[in-house]
Amino acid sequence: MDAPAPLAGLAYDDLAALLAARGMPASHAERLAGRALRRGTLDLASIPGLGPRGVAALSPALTLRATTVVHRTPSLDGTTKLLVGLPDGERVEAVLMPLARSWSGCVSSQVGCGAACAFCASGLEGLRRSLEPFEIVEQVLHLADEARARGQKLTNLVFMGMGEPMHAYDRVVGAIRRLTDPRLLGFGPSRITVSTVGVVPGILRLAQERLGCHLAVSVHAADDALRRRLLPVGGQWSVEEVLDAAEVFRVTTGRFVNLQVTLLAGINDGVEHAERLATAIRGRSFHVNLIPVNAVPGTPFVPPTQEVLDAFRGVLVARGVIAHVRTRRGSDVAAACGQLRRRAAGAGPADDAAGAGGPAVTPGAGRGAGSGAGSGAGPGSARTFRGPRAPLQ
Ligand code: SF4
C-alpha cells in the first residue's frame, strides 16, 4: 500500500483526482482541504457528505502532517522557533514572530543553503536538498498551530528561513500556489514575501507568475566587489542588474520590493556606503530595511553603533529613500536561520557563535519580516572576511 499523501502537498486538482479515484465527487475536495488545512485537524468523520465509506476510503490515503515539530523554543520577545523534522530525518527551521498588529511566520525553502552568504549559519553546511511543497506548506501549518495555541492567527509569511527560494523555485512557487488557493488554505498572497540574495533570472521569472506576493532582495552593499564578498551567489549579478530586475518585478506585479541591507560594523556601514546605496536606487520606489547584524563572539562581524545606524539611515532619508531600521527577534533562542538546526545537530561551539541575527522585523510594517539577513559563521568553520572596511571602488 502506498504511503498516505500529505494533504498539504496536493494542489486542488490533485485532491479532486484522488477523491475521484475513490469514487467520491470532486465537490468534497474544497470542503475537505479547506477544513483540514484551516483548522489544523484532519477529522474526516466531521466532513459533511463524506460518510463512513468515504472516511474508510480516505483514511489510509491522506495525512495532514508528514512532518513533526521536534523542538520548540520560545523567546523572551514572544518569538518562537520551531525545528521541524522532515520524513527523511532532515530538519529545518520555522519561526513565529509577533509584530505590532499581526503574527508573522518565517519558513525555510531548503535544507541548508548553497548561497554561502558570509555571515549565515545555514550557508556553512552548504545545500543538502530543496524542500518539497508539502514540507514548506506544513511549516505554515505548524506555525498556524502555534499562533492558534496563543489565541492568535498567522497573518503574514516570509520565505526568509533556511535556503535561497530562487534555488528551490518550482517548489516555492508550488507551495505558494497551494497556500493561496482560496479552495485550500486561502492565505492572502499580499501577505507573503519571497526573499532572494538577488538571483536575477529568478526575480524576472517570479514577476511573471501572477502570485501576488511581495519581494525582498538582499543588497547589503551597492559596491559590486564588496557585495560579491558578502553574497558570493547574489554577487554574480551587478547591483544595477539586481535593482533593474527588482524594478521589473515591482512594475509588473504592482507589489512592494524591500531591499535588505545587513549592516556590519566597519565593513559596509559607513556614510559613503549609504551615499552609494542612495545613488544606486535613485529614482526607484523601493523600501530599504537596515538590519544591524547581531554581535557574534568568534566572528569578525559586529553590529554598528546606534549612532552609525542613525547616520546611515539619515543619509538615505536625506536622499529621499524610505528606510527603516529593523529590530532583531528571537536572538536569545538562536533564531537566525540555520542556528537552531546546527545546534540540534551538535554543531557545538561553532553554532554558539553562529548567530548574526534572528528574524528581523520592521515595527508595524507587517511584512518583510524574516531572517534573510542570515547569521554569522562560527569559529570552527568560519569563513574569513578580509579587511576591516572594504574600500569603495
Ligand atoms: S542568508 Fe539566506 S540565502 Fe544567504 S546563505 Fe543564509 S539561508 Fe542562504
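Leaving aside neighbours within four places in sequence, L215 is in contact (C-beta atoms, placed from the backbone, within 7 Å) with T193, V194, I203, L206, A246, F249, R255 and V257. The model is a predicted one, in which local features need pLDDT of at least 70 and side-chain atom pairs count only at pLDDT 80 or more, while totals for chains, interfaces and linings use all residues. Residues are numbered from 1 along each chain as its sequence is written.

L215 also belongs, with I203 and A246, to the residues with the most contacts inside the largest nonpolar core, which has 108 residues. Such a core is a set of buried Ala, Val, Leu, Ile, Met, Phe, Trp, Tyr and Cys residues joined through C-beta atoms within 7 Å. Helix α4 (residues 133-149) gives the most to this core, with eight residues. Because domain 1 (5-63) and domain 2 (68-361) both contribute residues, the core lies between them; the domain bounds come from an automatic or database domain assignment.

Backbone angles are worth a look too. Most residues other than glycine have a negative phi. H220, not a glycine, has a positive phi of about 65°, and its place is in the loop between β11 (214-218) and α7 (224-230). Helices (H or I, at least four residues) and strands (E, at least two) are DSSP runs, numbered from the N terminus. H220 counts as buried, with 32 C-beta neighbours inside 10 Å; the cut-off for buried is 20 or more other C-beta atoms within 10 Å, for exposed 12 or fewer, and partly exposed lies in between, with C-beta atoms placed from the backbone. A116, likewise not a glycine, has a positive phi of about 55° and is found in the loop between β7 (110-112) and β8 (127-130). A116 is partly exposed, because 19 other C-beta atoms lie within 10 Å.

Notes
Contact = placed C-beta atoms within 7 Å.
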